[in-house]
Structures are given as structure tokens and as C-alpha cells.
Amino acid sequence: MKHGNESGVGEDIRTTASLAALLARLQTLVREPAFALQRQRALGIALRPYPEYEQQFGLVPLPEEAALAHLYIFADYLPDDGQPSLIEQVRDTITTHVPEEERVWLDPLRHSNMDLLEVVALRENGSLELRSLGSGKAFQVTAGEIGRRCKPGQVLLTRVIRAGDRTVLPGVALVLSASAGRALFDGANEWRRSMEAEAGSFELGEWEEFAKPYGHVLLWRFAQVRLEALVRAEMSIRYRTRGGQPFLYALALYEHHESSLLSDGLSNLEGWREEPGHPSRTSARSWLQTGDDAASVVARLTLTPTQFFVECESGTRLDRVKHQLASTFGFSLHFFGEAMAVPPHELLEVNLEEEEPAPRVVVVTPDAEQELLAAFLGSVYMEWADRPSPSLNGQTPRHAMSTADGRAKVAALIKALEDEDLAARRTGKPGYGYSRLRAHVGL
């Protein structure tokens, strides 16, 4: 996944040399064995959403999130095992010389806080004019490379260090679009109001009083904003065949025993037109629904003597088509199963700096199509032998095998399913081994 701030985040924001040296010292100290357990606990707080996100979505913290989490350890985290904070350890050390120019930054760093800063303007001298979304305070910083890449209206998630009349950003920030920054701010405010309601007081009313002890909540919200952006991007993907047609991955299967009734109804179904029949498959008929350009097939209905397949280019369209079929044919169609799993593809690169990322098109390979269809057929036929079949007068195939006539019907039914295999029709290769159905019923 692309960093949410890859075009500017991580660039040096011209931290002063003495502050940079102090941060480097703290970075070394936080990795000492004596602090290992506390570091693990602190990172668990600052990056709390990610164990679940990584397990479910493969989403891991950006390097900039990890860097801000370490700044949280330096400035906000209080060890729960009795040892002093990292800043106190540096301040009170007697075994290692700490230059005075570093020591002067200890209190400003200890009193610093996370913040969301709107980029108000870019100055010709390379400085940024920023305004805190929470407190409304405005100030300028020398921003170096990031100052040439940020745009007015964007939002920086970073830590603000104030030393007298100087304001410094500590060399790392996450950049978000205006809408993403506002969503992050609103989410953090909602969390703050919830905490105040639970506590029955307004002690977190001032933004900086909230942002100091609960700055890690801003990191939690960034993780959520990032996940939501990923989900939106995934939902906006358009899957296409190699020929450029919409790829029909949302599938449903029905069984029936009323071919004539269904055939007549489908021929008159609003919004559908019959597809010219294939000479080698006279037993199956298909109807198509096209998109706005009239050339793109966005859904297909295929009727065979025993089954009815629905194929659509999205889960949303599949739901609409299913409702249309239910209102038209009622109980003439017996629902057997569906699948809405999207074709396998690499996780999207999401740039949180952009307001409206460009839609992405994924071309589905024949191998991926075969895999998807095989998985669908495997799932719907898993319990076929023990499900009532309209073609067997409501009997299950296993029960019908108890008579000679039933055995013949079951054998013919399996042969019909094999002949009209959905994957074979789309790719030329069967998607299911029908000998397994024969084995299930003892043929």
C-alpha cells in the first residue's frame, strides 16, 4: 500500500540539530533491553488498531506512524513498572554526558502534544503557515522539502514542540487531504465527547488538554481513516476481462423445474435482451443486461433445463437482479447459493493526500476467472446430495437413489449439470469434478 503521505511525509522538516540529536538519543534509549517491555506496551497503546487490521486486511503501520508512536513514548507515555520516563532518564543521567544544547529541549518535548494542523499558506521563503484544527492557533514553521510539496487546505498530523516563541515540528508528519483531515478531527472529537460523557465532566474541553494525554487517539483515528479509504478504494475498483468487458464475478445459482414458464417470463423481463444462442449449446438460453453505453454487458441470466445462473459485475447489481427475479417468478426459482468474492488482486495503493483518487481498473486473468468459478461451484455443490431438488419432485438425490427409477433420474440430472457447467461455458474448462456428486450418492 502506498503511504498516505508518500509525496512529502518522512521528509526532514528542518528540525534543529540539537533537537535532532536529542531525538536520536531517545531513540537509542527506547530500544535498551531494560525498556523493551514498556516500549512494547506503549506501542500497543499508540498503534492499537493494527493487530486486528493486519490480521484481517494485511494493513500495517506506516513508518511515519511508527515514528509518531515513538514520539508518544518519549513525550507522553508513563511507564507502569515504576521506572522513570525516557525524558526523565536523560535528564537525570550521570553516567553519560548530555550536552546542554540537548537538555534545553527536554521540557519543550515533555510538554509537546500531537495536533492536526491545517496548511493555511505556503510562503516564498519555504515556511508553512499552519493552524491547529483543535485550538485554532496559527503559527509558522520552516518546513524544508515538505513545504514545497504541501498544498493549502491539506492537514498535517504531527507533534508540535514549543520552546519560548519558537514552534518546531519534529521531523515527521502524516499528510492528509482536507476531507481526510476533517474526518480524523471529527472522529477524535467524538471520542473526546464520549470520554467526557462517561466521566461526567468537561475536563477535556480544551483541545490541548485533550491532545496531550490522549494524542495517541489521533493515531487510532488515522488508522481508521486509512482503513476506510482503503475500503472505499476497493469498492470503487472496476473489474474487466482482457477484452475490456465488465467481469461478471457476483454469482447466484437457482434450481427449477419449470423451463417453459421461466423462458417466457425472461423473454418479457424489462431491461433484458436475449443473447444469440451458441450452436453447440442449444439447451441453454441467456439474457443480457447492458450498461449505459449499450455495449458493456453488466449482467447475464442463463437458463438450462434444470438450473438458472445469474452473473453480475457487482454485488450491488446482483442484489437488484435477485429482487427483480423474486418479484417476477416467486417460488418457481429455488435459491441454491451465491458468491460475491471479488477476483484476487493486489491491495490498492491509497494516497490520503488526494481528495478523489482516480478509479482503478483490474484486468482479471483466465486463471483467476477459473479459480473463482471453481470455488463457487465447489461451495454450492458441497451439500447437493442432501438438498431437495425440484428435478426430483422435492426429493434429495440421496433419497431418490433408493429406487431404480430414482437412480436413473439422479444419473441424468448429474449428467445435465456436467453438460451445463458454468466454468466450462465461460472458460472452456470444467469448474467442478462431477464424479464427486456421483460418489456422494453411490453411483
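In this predicted model, helix H1 covers residues 17-30, and its 14 residues reach 20 Å from the first C-alpha to the last, close to the 20 Å expected at 1.5 Å a residue. Ser 18, Leu 19, Leu 22, Leu 23, Leu 26 and Val 30 are the buried residues of H1, and because these buried residues fall within an arc of 140° when seen down the axis, they line one face of the helix. The face of H1 turned away from that buried side carries Ala 17 and Thr 28, which are exposed.

His 70 lies in helix H4, residues 63-75, and is buried, with a relative accessible area of 6%. A polar atom of the His 70 side chain lies 2.9 Å from the backbone oxygen of Ala 66.

We turn now to charged side chains. Side chains of opposite charge can pair when their charged atoms come close, and the count in this model comes to 23 salt bridges. One of them joins Arg 110 and Asp 107 at 3.3 Å, N to O, and both residues lie in helix H7, three residues apart, about one turn of the helix. Another salt bridge joins Lys 322 and Glu 338 at 2.5 Å, N to O; Lys 322 lies in helix H13 and Glu 338 in strand E13, so this pair ties together parts that are 16 residues apart in sequence. Finally, a network of salt bridges links Glu 275, Arg 300, Glu 311, Glu 369, Arg 425 and Arg 426.

Definitions and conventions: Residues numbered from 1 in each chain as written. Predicted model: local features only at pLDDT ≥ 70, side-chain atom pairs only at ≥ 80, totals over all residues. Heavy atoms only, no water. Helix = DSSP H or I, 4+ residues; strand = E, 2+ residues; numbered from the N terminus. Buried < 20%, exposed > 50% of the residue type's maximum accessible area, 1.4 Å probe, protein only. Polar contact = N/O pair within 3.5 Å; in protein donor to acceptor, adjacent residues only side chain to side chain. Expected span 1.5 Å × (residues − 1). Arc of directions from axis to C-beta. Salt bridge = Lys/Arg side-chain N within 4 Å of Asp/Glu carboxyl O.
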